[in-house]
Amino acid sequence: MPAAIEIKNLQKSYEDTVALRGIDLTIEPGEFYGLLGPNGAGKTTTIGIITGLVKLESGSVSVFGKDIIRDYRFTRSKIGVSPQEFTSDWFFSIEKLLIFQAGYYGIPKNLAQPRVDEVMKKLGLYEKRDDKIRFLSGGMKRRFMIAKSLVNDPDILILDEPTAGVDVELRRMLWEYLQELHEKGKTILLTTHYIEEAEKLCGRVSIINDGKIATEGAPHELIRSLGKGSIEVQLTGWQASDGGKLNGLSFTYEPGEGDGRLSFSVDDPEKELPQVVELVSRNGCHIHEVKITKSNLEDVFVALTGREINK
Ligand code: ADP
């Protein structure tokens, strides 16, 4: 089966700004994929090209094996997109605009209504269906944009910063709903500069910086490969050496008053914790406190680029 989205050597400039410097990306059907990076990294430009909103300059993009330029009708019919900026005709109601959207995709009226009802219910818009878009809150507008991208029941859902500017409760609701869509087999591509979102939702991420992919992989693998986790154990009764290796794990020991602190540096602290606890107990020590420090994707980004994502 061809990839859901395959991007080869994508390059793009706007007047004097180089936005993309050669992006290669393959997203398999059913993947939940994230483009993570700071503002200006090139995320919106990348998805704009996939969805036909931004003109392709150099390189190629295919969707289920078909070229987005040659076979644009096919590729656009497979994709639902929720852009970052709110775009719609503000003078119509939610329901009317979603019915228009269905019409735009050639869905007949008798099928459009149940489809629109379902999407509105799923996104908590049903009670507000007669409200005009321009009077909605930011969070409701965001729900509307996502509803719009789902009306044609697309195989691929592309979301640009889906939770930008929404409150915590709505963010959780949207996360749950996106996970549900993913479990149903949809391919989802989202952009975010929100680390927790990428770590929580995405099976794989590309970390983008300055128009290039800095690294790609499963969030937990990228974090583990950074190898900057630690386990600190506050204890009494430590008699062994002040540093070195125990069962292959590097550690240091700092004595305190009556007790002391052992620090292990490990790639994957959660995995190593039982081993560390057992080792320490076997040495006849009494544990008072254990502290785990894990890295996150921000640390991976900083290690690769020397900058922070959310700056
Ligand atoms: P991101 O989505 O990661 O914030 P963008 O793709 O929006 O990044 O932007 C990448 C670069 O291209 C930035 O330097 C941005 O200022 C520039 N850019 C984006 N859109 C335009 C445009 N329409 N005209 C000129 N420059 C643009």
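First, a word on the basis of the description. This is a predicted model, in which local features need pLDDT of at least 70 and side-chain atom pairs count only at pLDDT 80 or more, while totals for chains, interfaces and linings use all residues. Residues are numbered from 1 along each chain as its sequence is written, and side-chain values use heavy atoms, with hydrogens and water left out.

Let me start with the domains. The protein chain is assigned domain 1, residues 5-224, and domain 2, residues 228-294; these bounds come from an automatic or database domain assignment. Between the C-alpha centres of the two domains there are 45 Å.

I turn to the open sheet. Helices (H or I, at least four residues) and strands (E, at least two) are DSSP runs, numbered from the N terminus. Two strands pair if DSSP finds at least two bridges between them. In the open sheet, 4 strands follow the order 2-1-4-5, with antiparallel pairing. Strand 2 (17-27) and strand 5 (66-67) are at the edges with a single partner strand each, so one side of each has no neighbour in the sheet. Strand 5 is joined to strand 4 (residues 58-63) by 2 bridges, and Val63 has Lys66 as its bridge partner.

The loop between strand 4 and strand 5 holds Phe64. This residue is not a glycine, yet its phi is positive, at about 45°. Is Phe64 buried or exposed? Phe64 is buried, with a relative accessible area of 15%; buried means under 20% relative accessible area, exposed over 50%, and partly exposed in between, with a 1.4 Å probe and protein chains only. Asn9, in strand 1, also has a positive phi, near 45°. Asn9 counts as partly exposed, at 38% relative accessibility.

Helix 1 (residues 43-50) lies across strand 1 (5-14), strand 2 and strand 4, and runs at about 120° to strand 1.

Next, strand 8, residues 187-192. Of its 6 residues, 6 are buried. Thr187, Leu189 and Thr191 are buried on one side, and Ile188, Leu190 and Thr192 on the other. Strand 3 (residues 32-36) runs parallel to strand 8 and is joined to it by 5 bridges, with Gly34 opposite Leu190. Strand 7 (residues 156-160) also pairs with strand 8 in the parallel sense, over 5 bridges; here Leu157 has Ile188 as its bridge partner.

Helix 3 (residues 94-104) has several buried residues, among them Ile94, Leu97 and Leu98. Their cover includes helix 4 (109-122) and helix 5. After helix 3 comes Gly106, with a positive phi near 75°.

Finally, the helix pair. Two packed helices are described by the angle between their axes and the distance between the axes. Helix 5 (residues 138-150) and helix 6 (residues 168-183) pack at about 10°, with axes 11 Å apart. Axes are lines fitted to C-alpha atoms, for helices over the stretch in contact, and angles run from 0 to 180 degrees between N-to-C directions. The two helices are therefore roughly parallel to each other, a term for angles under 35 degrees. Contact means heavy atoms within 4.5 Å. Among the residues that meet are Arg142, Arg143 and Ile146 in helix 5, and Leu170, Met173 and Tyr177 in helix 6.

Definitions and conventions:
Parallel < 35°, antiparallel > 145°, perpendicular 65-115°, else oblique.
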